[in-house]
Amino acid sequence: MTRDDLLALDGVSRTFGGQPTFLSGLLGQSNQGTRAVDSVSLTIRRGETLGLVGESGCGKSTLARIVAGLIKPDRGTITFKGRPSASAASARPRVQMIFQDPFSSLNGRWTVGRIVAEPIRVHNLRKGSAVRDRVAELLEQVGLSAADVVKYPHEFSGGQRQRIAIARSLAGEPDFLILDEPTSALDVSVQAQILNLLKDLQRDLDLTYFFITHNLGVVRVIADRIGVMYLGQIVEIADNPTLFEAPRHPYTRLLLDAALDLDTSDLSLHPIPGELPSPQFPPPGCRFQSRCPRMKQICIDVEPVLTYEGESAVRCHFPLLSDRQASFPA
Amino acid sequence: MTPILEVNDLTVTMKRPFRTLTALDRVTLTIGKGEVLGLVGESGAGKSLTGAAIVNLLVPPLRQTGGSIALAGRRIDTLSRDDMRKVRGREIGFIFQDPSTSLNPVLSIGHQLIETMMTHLPIGRDEARRRAIAWIDRIGIPEAERRLDQYPHEFSGGMRQRIVIALALCAEPSLVIADEPTTALDVSVQARVLQLLKDLHGETGVAMLLITHDLGVIAKMADRVAVLYTGRVVEIGPTSAILNSPHHHYTHGLMKATPTPNMQTQRLDAIPGSMPNLAAIPSGCSFHPRCPRSDATCRDHLPRLSGVESGFACWHPLSAGGTS
Amino acid sequence: MSIATETLSHRNRAIQGLEWLWQSVRTAPGPSLAGLIALSLVLFAFVVPLVISSSPFDPANADLLNSLNPPFWSEGGSMVFPLGTDDQGRDLLTALAFGLRTSLIVGILSVIIGLVIGVSLGLISGFAGGAVDTIIMRAADVQLAYPALLLAMIIDGAMRQALGTSRDTNTAIAIVVVSIGISFWVQYARTIRASVLVEREQDYVAAARVTGRSRLAIIALHILPNIMAPVLVIATINLAIAIITEATLSFLGIGIPLTQPSLGTLIRNGNNFLQSGEWWIVAWPCAVLMLFVFSVNVFGDHLRDVFNPRLRTRR
């Protein structure tokens, strides 16, 4: 961990269900639980946006909740600002989280003013009428009106509700925000507004973001560095243009090919072959081998490790070349 | 070429005690035989409503109060409930967004396929069963014969959506309405489902109304596209023409706001504001409060669609190259 | 936001409020009428005793000269006693108000007892989980095996043994309230537990946890306000059940003593005259009981539909 690192995860794992019973322990049976997050190690630098992409069930939301302190990891350590901690939660309110569904993430029985003021009151960040002034300031900062404090969440559209959630998270004066699919529930035009707002806030308030999404286009626009997850593991980490222009893991390549663009001159679609395996029963060896066009015997026999090469890392026995010729032979 | 579907001035309203809200305002669309028409817009634009109105599945207080809908030259909006039921499923197939709610969880998928075919096609059980197995095989599910007797929960989300597609197409309809068929799916699964839709479209020649909020899906799938805003068609025409040189500022704004993996920019051009509520649709061109080019004319006068096959509803359209 | 759009949104909200009221009366005229009837009866029960301060059951108010008067439209009836009088010459209209008031107080208090016990145990059960959850839910199953009537008889019997004949009216009422109230807790506990299991997974709860709220604060400030609607529906319907149970207990002689007017004691008293032709003494309290319970049930049923999010989206 260097001085620039804000947060470091080392070997963080979490398994759901399948607690070993007395009997299975006696018989030496393996745990049948689902390893949602499997030995994830990564660092997030001060002031950057680390994007994390993956498909549903890959464990990215579980990882976000572990970092937020909502779920305890089974194994591994989390270091925040150089201090080891079971989770970043001990550093509250320096860490805040923004959720995907702006309808369930705001308490519908509370007024907007009360919602935004909650972190201020819990941590005694302001006193008396200064709370009200601060709430008004925050609402205007996220593009709402100070007059909105008396309204209830149901009076707002999805995009406006996400702005309220952002105002609430800023009220705790954090320096680290965990964003779990913050724009997935929003319309395209509103998504662009929220992404731009997040960029402006990051610049003005010197924030660090951990941005989880399944949308490759969104991560292209928002992230400085990007991690790709598949079945609980990080399979590749690279900085923003590199990951898109010269991906090294076959899964990243296939995922990029499968994504749609607005180009009408090439109408071909590129589905990833095979079906996504159940996270409960991942394939032996490399988790992607069952769908990988470059699969060889070693991929079944030996699980590859995440190998760093400068700033980038890839978990693959046969990574694609790091120069710009990164496509499969036909 | 006679169009398979002709929607003319379709108007859907919602009666409230003190006012009547207009959800669809004189929507006019045609779909030719074997054509894919994309219907794109943001939530609240009336995309799904258009689909529901075509198959007469509007939920009160929503009601069709104007216009006509014709399938292969025959009015279907005036049909009785029983006659309409025969049209649905037999002549118009429907693919819903969420595969987990559009399959009956207590019936095996074979049962659902066989019953659908026996209801709508003049074939016996044995033939229906044979065809059901062929369908399951066709949509890329291995061991079709064994899996015929399995229940929806035994399939993955992507497989379920492919089963829904088979169900919609097995009665050999002439038109299929696909309402956000891939929105609930992941990127890799989405490509697979779209590929299947595309292949089946090629094989059967079924015409398709593809409802989506995703311009990427439109770009890859649709022959023509209609852009909907506050219940009005604001632009319609061939997909490549519209995506390469949009005339309406909303279409243009939507494109610039859509992030794609191969874009070079680090900042999107967002459209300010949000889709207005039905109860507060702005006067004149309903897009004028969010439009960079609006003036007094836009505020006071409703622009007409310049053409039914291909046209736009804008007082100050963009010309080729993206300038007004 | 400009001033023009602000006033527009205020006016819109006012219109929406009016629309909502009109819509509920128009789409549900029956439940609206039922609500109005129930409300009128409650007002009748609590206002009349304020105007006529002394109870007709006070022995000092006995008026034997006017005993067993029929209702005003019958021969021998008069507008002085519009609904007639009983054997002690008590005005039945006044007696009804006093009786309904006692019944309502018993009903409301027992509902509150059931609600407080049930909501607390439901919250504990939903949040603690594990053994605590199991114990509470099994206790609920046991509770359901005892009808309120049986429980009231057991408590009443035990209290009789303990207090002998020294029981006064208030003790008797308290026994009725507690025994009815205890029988209600299960429904609240089960409903609350189920809601807690759903709500605790919502993102607003996670957001409060990330903010650093304590568990107790999250339960009290965030979760409780979001799960009270179904509980209020149950409370409405329980009020009707409580009043019927009170009437049954009092009729059987193990509830409110005959010296205190309640719908149950009025019916019990009137029952003695049914054979001798003075039908009105028993008919009025029966009619009020039925009307009130029916209205409350219709209204409560409607509330259930209104609060049910599944039905709400369909309307």
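These legends walk through several close-up views of a predicted model. Local features are described at pLDDT of at least 70 and side-chain atom pairs only at pLDDT 80 or more, while totals for chains, interfaces and linings use all residues. Residues are numbered from 1 along each chain as its sequence is written, chains are lettered from A and ligands numbered from 1 in the order in which they are written, and side-chain values use heavy atoms, leaving out hydrogens and water.

**View 1. Where chain A meets chain B.**
Here 43 residues of chain A and 47 residues of chain B are in contact (heavy atoms within 4.5 Å). Together the two chains bury about 3,800 Å², with 54% of it on carbon and sulfur atoms; buried area is the accessible area (1.4 Å probe) that two parts lose on being put together, summed over both. On the chain A side, look for A:L260, A:L262 and A:L269, which lose the most area to chain B and together supply 19% of what that side buries.

B:R192 and A:E275 form a salt bridge, with their closest N and O atoms 3.3 Å apart. Helix 6 (188–205), helix 7 (216–222), helix 8 (240–245) and helix 9 (250–258) of chain A each give two or more residues to the side that touches chain B. Helices (H or I, at least four residues) and strands (E, at least two) are DSSP runs, numbered from the N terminus. Helix 6 of chain A provides the largest share of that side, 10 residues.

**View 2. The open sheet of chain A.**
Eight strands line up in the order 6-7-8-3-9-10-12-11 in chain A, with mixed pairing; two strands pair if DSSP finds at least two bridges between them. Strand 6 (95–98) and strand 11 (307–309) of chain A stand at the edges with a single partner strand each, so one side of each has no neighbour in the sheet. From one strand to the next, the twist averages 20 degrees. Axes are lines fitted to C-alpha atoms, for helices over the stretch in contact, and angles run from 0 to 180 degrees between N-to-C directions. Helix 5 (residues 158–171) of chain A lies across strand 6 and strand 7 (176–180), running at about 175 degrees to strand 6.

**View 4**
Strand 3 (residues 49–53) and strand 9 (residues 225–230) of chain A pair in the parallel sense over 4 bridges. Within this pairing, A:L52 has A:G227 in strand 9 as its bridge partner. The side chains of A:E48 and A:R225 meet in a salt bridge at 3.0 Å, N to O. A:E48 sits in the loop between strand 2 (34–45) and strand 3, and A:R225 in strand 9, 177 residues apart.

**View 3. Where chain B meets chain C.**
This contact takes 4 residues from chain B and 7 residues from chain C. The two chains bury about 620 Å² between them, 56% of it on carbon and sulfur atoms. In chain B, B:P17, B:F18 and B:R19 lose the most area to chain C, together 67% of what that side buries. The interface has 0 salt bridges.

Definitions and conventions: Salt bridge = Lys/Arg side-chain N within 4 Å of Asp/Glu carboxyl O.
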